[in-house]
Amino acid sequence: KAMEKSPDPYTPGLHYSLGNSYWMEAKWDQAIEQFKQELAISPRDYTTTWKLGDVYLFQRNYVDARPYLEKAIKEKPDLAQAYRDMAKLYIQIGQPEAALPYQPVVQVRNSAKSACNPLIPRVLLGAKRLPPRAAI
């Protein structure tokens with residue numbers, strides 16, 4: 001549908017919209033294709049960069065996810081979603097200590113949600129920095 005609205009395939013945002021639609025339907029390969037096309041048009045688009053890393057994270061393709069997440073953080077240092085995903089990546093590969101530098105940003109950026117964000121206690125428990133639940 002987005003292609004019907006704009007006949008120019010080089011319109012910024014067009015491929016992001018298509019990729020996001022695929023992302024919402026968990027059609028990862030199609031989302032990757034569209035996000036890469038968007039980055040060819042708008043290489044500094046931090047939202048598309050993060051979404052591409054996020055798709056690779058959903059696929060458990062950590063090697064490809066990491067550079068996109070790092071680039072998104074570099075382009076937009078306060079993009080909490082990218083920090084959250086970097087922390088998730090390190091937790092999922094069994095390196096919770098490496099996730100800790102990303103945790104405070106997630107907690108500050110999502111302060112209203114941090115109390116119920118399950119990622120933060122998981123990072124800290126994995127790194128053995130949080131007392132057991134009984135002691136809390």
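Buried means under 20% relative accessible area, exposed over 50%, and partly exposed in between, with a 1.4 Å probe and protein chains only. The exercises use a predicted model, in which local features need pLDDT of at least 70 and side-chain atom pairs count only at pLDDT 80 or more, while totals for chains, interfaces and linings use all residues. Residues are numbered from 1 along each chain as its sequence is written, and side-chain values use heavy atoms, leaving out hydrogens and water.

**Exercise 1.** Decide whether His15 is buried or exposed, and find its side-chain partner.

Step 1. His15 is found in helix H2, residues 14-24; helices are DSSP runs (H or I, at least four residues), numbered from the N terminus.
Step 2. The relative accessibility of His15 is 4%, so His15 counts as buried.
Step 3. The partner is the side chain of Gln37, at 3.2 Å.
Step 4. His15 and Gln34 are 19 residues apart along the chain, and their C-alpha atoms are separated by 5.0 Å.

**Exercise 2.** State which residues Tyr62 touches.

Step 1. Tyr62 is found in helix H5.
Step 2. With a relative accessible area of 19%, Tyr62 is buried.
Step 3. Contact means heavy atoms within 4.5 Å. Not counting residues up to four places away in sequence, Tyr62 touches Leu57, Leu89, Gln92 and Ile93.
Step 4. Leu89 in turn touches Tyr62, and also Leu57, Ala65, Arg66 and Leu69, under the exclusion of residues up to four places away in sequence.

**Exercise 3.** Find the charged side chain nearest to Asp54 and of opposite charge.

Step 1. Asp54 is found in helix H4.
Step 2. Lys and Arg count as positive, Asp and Glu as negative; His and the chain ends are not counted.
Step 3. A salt bridge needs a side-chain nitrogen of Lys or Arg within 4 Å of a carboxyl oxygen of Asp or Glu.

Terms used. Helix = DSSP H or I, 4+ residues; strand = E, 2+ residues; numbered from the N terminus. Polar contact = N/O pair within 3.5 Å; in protein donor to acceptor, adjacent residues only side chain to side chain.
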